[in-house]
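Subject: Structure handover

Hello,

My notes follow below it.

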2 protein chains.
Amino acid sequence: MPNDVAKLYEDVCRYARRTAVFTSIETVLFWDERTQMPAAGAEHRAEQCTLMAGLLHKRWVDPKFGEQLAELTAVPISSISSDAGVNIRRLKRQHDKKVKLPQSLVEELARTAVLGQQSWQEARQKDDFPAFRPLLERMFELKRQQAEALGYSQCAYDALLDEYEPEELTANVRPVLAGLREQLVPLAAEIQHCGRQPNASILHGKFPRNVQDALGRRAATAIGFEFARGRLDVTAHPFCASLGPNDHRITTRYDEQFFNAALFGILHEAGHGLYEQGLPPENYGLPLGEAVSLGIHESQSRLWENLVGRSRAFWTHFYPQAQQSFPEALGGVPIDDFYFAINDVRPSLIRIEADEATYNLHILVRFELEQALLDGDLKVSDLPAAWNEKYQKYLGITPPNDRLGVLQDVHWSAGLVGYFPTYSLGNLYAAQFFAQAEAELGGLAEQFARGEFHALLGWLREKIHRHGQRYTAAELVQRVTGRPLSARPLIEHLRAKMGALYRIG
Amino acid sequence: MPNDVAKLYEDVCRYARRTAVFTSIETVLFWDERTQMPAAGAEHRAEQCTLMAGLLHKRWVDPKFGEQLAELTAVPISSISSDAGVNIRRLKRQHDKKVKLPQSLVEELARTAVLGQQSWQEARQKDDFPAFRPLLERMFELKRQQAEALGYSQCAYDALLDEYEPEELTANVRPVLAGLREQLVPLAAEIQHCGRQPNASILHGKFPRNVQDALGRRAATAIGFEFARGRLDVTAHPFCASLGPNDHRITTRYDEQFFNAALFGILHEAGHGLYEQGLPPENYGLPLGEAVSLGIHESQSRLWENLVGRSRAFWTHFYPQAQQSFPEALGGVPIDDFYFAINDVRPSLIRIEADEATYNLHILVRFELEQALLDGDLKVSDLPAAWNEKYQKYLGITPPNDRLGVLQDVHWSAGLVGYFPTYSLGNLYAAQFFAQAEAELGGLAEQFARGEFHALLGWLREKIHRHGQRYTAAELVQRVTGRPLSARPLIEHLRAKMGALYRIG
């Protein structure tokens, strides 16, 4: 790079890194709120978060930063290294998006999200959707304004999806998820009517919290999560948060009468944590040091939770430890019964409790409904009926009330519209990556059965983690697997696994 | 207030409150660092703290804020409410002080403090004072520059003391502490030679951590600490931190072989917490909602730890619970033996382990030495010898090495010069306040023996907590007790208590 360009690039990077440090302070506030803060501290925490959000928005839309990015973007590409090119392009993209949002809309969205979550919590508690309706209408109105402000070439939903899955388009996602639905609905029905089902009661027994904690830590450590630069804590709605390049914190919740919640939750969050711990620390605060998208992030959590954690091979290694940990509950249970039970496929009403196969049907319901709400094809007042109809159609069951139906998720009340499909994208990416890893590495199951996970982790580090945002999600999938995103690997995985367990297909 | 003045005052208050919210974010970072953060996160946390410190300094020295304060200060006092007057005066004082510090000095002090703590830790570990010397010389050089920049009328030390004990003067503190020394040195000697001493081994036994935790929480709750807007956590160097007006967190450390550390530590930090919880929340972020000084803060912790927590009456109520909690260690120990043991007076080398009577002698050593270092009357290279000499003179013992001597405290390495005397001021204020409370309320011991502490807490709330910074420490003491600060109440308390225990005087 010419000297003056190098200097300019350095300035931009320094500024971006500082912004990232402020963002990480916001993450400290968030993590503390969810794991430590006494409830009485909530009001003040909201003030702290609002101030930080305002400060961050200001930094992103800073005119000087924008000018510097514009100047760098105008430099002939040949005189910029590819690394610098990635950072400049992605920072400029983010800056340009933030600039399009009027400060008043940003504030109104933040305020409505806080009010929305309160309103949603009350409505859910009382099973009173009408009480929540005005807020939800307002939120979708604001999200429409946000989409219009951000702009889009094909549909308003694109603008929102882009917040979570940058450069992805609804038109690409729709057919993939529709294809998934076409395969999953009959698969779920087949399983329901095959006459076989596991003894799920195995997983309900006596699972002391401290023993679950110890086993969970051992499992997370085994797959590679570094506790020397991380933590595991307890929360109501588990998440993974990075408070710094060497401070990655996962969370879980314990049910002393149910095995699955904590253990698979820990594997899931540790999967997120492995991605974060695998990002190149020297690029911390720059796009090359950050995760590609929520979908790619979710692919890492789902891969470790489901493709690894719910495999027969994983438990070949871990089941003896689990039996030793919970002699009363599992001591007399054969491994195959346990393995079948943790893969119990059963249409259910609650997304976060859904199994590996039907989970995506829950997402489809939301993906389709939020598009219709945004486009105005569906009125908020008609949402509960539409919700129930889709559950009946895709899962064969109808929620008995809105609490177990449309009021179950926090997302819409918090303004997270366009977020849901990233969960399914994550499942799809996960299956596609995993199939590729198996094809390249071979013998993964044998390794898992010996408690060895480093080859898989090394492959993920090499193929995905170390690149940060060098590629978009679509580019990454193409590069890593040689093919665009497809529902096939997931369907094949589920067909093979459930076919064997349920003796179908 | 005239309308335009009211509007200006409102602006200033809004700005100050926002600054306080940012300060509370810094506190979240600090609390997390000391209680939760994995060690690997330290480097990034330093970056976060540096950014926040810079942001806060910028806010304090903001020229517009300064102009507004100047404008308000010029308004005739009659047209300003007394509340507003206090806030304006104290905010202006703080602003004027911050403005005097060149940004470069602020940054150099922050950097040297970080380096200093590293250097100190290494030196302490290796008992290598010479390795620490250059850093300490640099730090005292910077503190001299700071004092010169801030300005002072009598001596440079005044400028530094004012950071922790606003509006207090060295010339006032010196004779009070000297008077204390004149009484304490002979008292400690008398106790040493009286021939009586408690069986201190009582307190070394089996004290399981979770049982200590439960008893500590019960004790803190009993004296009035509200856990609904607080927490208790574990740390290496206990502290109390307010993360918001309804989020006050105390910390302790557990020694499973020693009773005192956690329990008295919890009472001490809960004392700080009670003060914070008693500040008027409606004035949060303004001087009227903030603690007067470190000395007054310490008076609250010492009052609950020593005047209450080490009293015979307190244990009349709590000892049966302690015996039940630790049947093996305390089951067979009579209360009077226990009470004598927790009041064991014995010259020792380590300040933070010192007893109620000799503690202030440790402070005197530091108070005298840091003045001499600042004034250049003592060279850093001569510090270890001067330290040992004073320990011999005041406490009758000489540290066998610098690790147990001059290298024991973190303060100087962190730039905390002028901080130590606030510990002794706290002890003095505590005794003076407590004597006054007893004179006004009467029968405190009888109440404690019944497990009742609300009358004392109510008195502290009424007389001290609710006023925030309405009065300086000196004004507050005068107002509350009708007399200026004096060493007499503390000496009388110690003479009476130790006289009875050691059968002297």
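How many disulfides does a search of the whole structure find over all chains? The count is 0. Please keep in mind that this is a predicted model. Cys155(A) has a relative accessibility of 18%, so it counts as buried. Cys194(B) counts as partly exposed because its relative accessibility is 27%; the cut-off for buried is under 20%.

Next, a helix pair in chain B. Helix 9 of chain B spans residues 209-223 and helix 10 of chain B spans residues 260-278; their axes come within 9 Å and cross at roughly 35°. The crossing of these two helices is right-handed. On the side of helix 9 of chain B, the contact is made by Gln212(B), Leu215(B), Gly216(B), Ala219(B), Ala220(B) and Ile223(B). Helix 10 of chain B meets them with Ala262(B), Leu263(B), Ile266(B), Leu267(B), Ala270(B) and Leu274(B). By type, the residues of this contact are 10 nonpolar, 2 polar and no charged.

On to the nonpolar cores. The largest has 133 residues, and those touching the most other members are Phe259(B), Leu303(B), Trp304(B), Trp315(B), Trp412(B), Phe433(B) and Leu456(B). Leaving aside residues up to four places away in sequence, Trp304(B) touches Ile223(B), Leu267(B), Gly271(B), Leu274(B), Gly309(B), Phe453(B), Leu456(B), Leu457(B) and Leu460(B). Another core, of 132 residues, lies apart from the largest one; Leu263(A), Phe326(A), Ala357(A) and Leu444(A) are among its members.

Regards

Definitions and conventions. Residues are numbered from 1 along each chain as its sequence is written. Chains are lettered from A and ligands numbered from 1 in the order in which they are written. This is a predicted model: local features need pLDDT of at least 70, side-chain atom pairs count only at pLDDT 80 or more; totals for chains, interfaces and linings use all residues. Side-chain values use heavy atoms; hydrogens and water are left out. Axes are lines fitted to C-alpha atoms, for helices over the stretch in contact, and angles run from 0 to 180 degrees between N-to-C directions. Helices (H or I, at least four residues) and strands (E, at least two) are DSSP runs, numbered from the N terminus. A crossing is left-handed if the near helix is turned anticlockwise from the far one by less than a right angle, and right-handed if clockwise. Contact means heavy atoms within 4.5 Å. Ala, Val, Leu, Ile, Met, Phe, Trp, Tyr, Cys and Pro count as nonpolar, Asp, Glu, Lys and Arg as charged, and the others, Gly among them, as polar. A nonpolar core is a set of buried Ala, Val, Leu, Ile, Met, Phe, Trp, Tyr and Cys residues joined through side-chain atoms within 4.5 Å. Buried means under 20% relative accessible area, exposed over 50%, partly exposed in between (1.4 Å probe, protein chains only). A disulfide is a pair of cysteine sulfur atoms within 2.5 Å.
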